[in-house]
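Colleague: I would like to go through this model one feature at a time. Please give the general idea before each case.

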Amino acid sequence: MMLDLIKNRKSVRNYSNKHIPDEDLRKILEAGRLAPSWMNVQSWKFVLIKSQENKDLLSELSIGQAHVKNADALIVCVADTGAWDEAKITHIQKPALNPALQGENGILIRTMEQVVYAISYMMLEAESLGIRSCIIGALANEITGISPDLSKTVKEKLNLNENQIISSIITLGYEAEHTETKKIRKDFDEVVFLEKIGNRF
Ligand SMILES: Cc1cc2nc3c(=O)[nH]c(=O)nc-3n(C[C@H](O)[C@H](O)[C@H](O)COP(=O)(O)O)c2cc1C
């Protein structure tokens, strides 16, 4: 059943005017909150956006992508690089076990990594509720380095601190018009191996 959900999920960029009930938005956000993370650091914040004003601003942040404006709701997924310090794991002094000791780049990568699990959980919960979504990764932030002034303005508007990075945005809404799309993926044998690359499972 979960596999069917995964097979049916697709990025949807055309949304109808129908609103998502708050109860369903809560379920989606709850799925993110319950995602796993390294040492349970939970290095994420999720900012739910419903106002057109903020949707327009976030569309601008994502290089003018129209579906960011037209979605019924957005979830701004924030990677909180300060979470490792807050998690009080300083007693673990081995860098291999503690990303806080893996340097600035290591902390950044590990923090972004944790958020991805929460994003996946939220997208699948949305799909299970008949709500379509799309991940927006093409945006101005500290990773892409584009439009630093705009990035700063948005962070201030959303009350993010300097340790918090907008990793991506999830657009949410009901599909305007159902279209059959083929799932384009590499073949199973191209990506799955037994014991070593090249050996088929
Ligand atoms: C990290 C990430 C960033 C993405 N960024 C964007 C984006 O900025 N805009 C967009 O329309 N789709 C974006 N996508 C959606 C992908 O294009 C889409 O998932 C991929 O083409 C596979 O299609 P499917 O989701 O319909 O299976 C992103 C997906 C991921 C995982």
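Modeller: Start with the axes: these are lines fitted to C-alpha atoms, for helices over the stretch in contact, and angles run from 0 to 180 degrees between N-to-C directions. Keep in mind that this is a predicted model.

Colleague: At what angle do helix H3 and helix H7 pack, and how far apart are their axes?

Modeller: Two packed helices are described by the angle between their axes and the distance between the axes. Here H3 (residues 52–61) and H7 (residues 148–157) pack at about 150 degrees, and their axes are 10 Å apart. Angles over 145 degrees count as roughly antiparallel, and H3 and H7 are therefore roughly antiparallel to each other. The crossing of H3 past H7 is left-handed.

Colleague: Which residues of H3 and H7 meet?

Modeller: From H3 come Leu 57, Leu 58, Glu 60 and Leu 61, and from H7 come Leu 150, Ser 151, Val 154 and Lys 157. Sorted by class, this contact of H3 with H7 has five nonpolar, one polar and two charged residues.

Colleague: Is the crossing of H2 and H6 left-handed or right-handed?

Modeller: The crossing of H2 and H6 is right-handed. The axes of H2 (residues 22–33) and H6 (residues 103–128) come within 7 Å and cross at roughly 150 degrees, so H2 and H6 are roughly antiparallel to each other. H2 contributes Lys 27, Ile 28, Leu 29, Ala 31 and Gly 32 to the contact, while H6 contributes Ala 118, Tyr 121, Met 122, Glu 125 and Ala 126. These residues divide into seven nonpolar, one polar and two charged.

Colleague: In what order do the four strands of the open sheet run?

Modeller: Strands of a sheet pair through backbone hydrogen bonds, either parallel or antiparallel. In this open sheet the order is S1-S2-S4-S3, and the pairing is antiparallel. S1 (44–49) and S3 are the edge strands, each pairing on one side only. On average, neighbouring strands are turned by 25 degrees against each other, direction ignored.

Colleague: How many bridges join S3 and S4?

Modeller: S3 and S4 (residues 164–173) pair over five bridges in the antiparallel sense. Ile 136 stands opposite Ile 169 in S4. Elsewhere, H2 lies across S1 and S2 (73–80), running at about 165 degrees to S1.

Colleague: Which strand gives the most to the shell around the ligand?

Modeller: S3 (residues 132–136) gives the most, with three residues. The residues surrounding the ligand include Lys 10, Arg 13, Cys 134, Ile 135, Ile 136, Ser 168 and Lys 183. By class, the shell has four nonpolar, four polar and three charged residues.

Terms used
Residues numbered from 1 in each chain as written. Predicted model: local features only at pLDDT ≥ 70, side-chain atom pairs only at ≥ 80, totals over all residues. Helix = DSSP H or I, 4+ residues; strand = E, 2+ residues; numbered from the N terminus. Parallel < 35°, antiparallel > 145°, perpendicular 65-115°, else oblique. Left-handed = near helix turned anticlockwise from the far one by under 90°. Contact = placed C-beta atoms within 7 Å. Nonpolar A, V, L, I, M, F, W, Y, C, P; charged D, E, K, R; others polar. Near = placed C-beta within 6 Å. Pairing = 2+ DSSP bridges.
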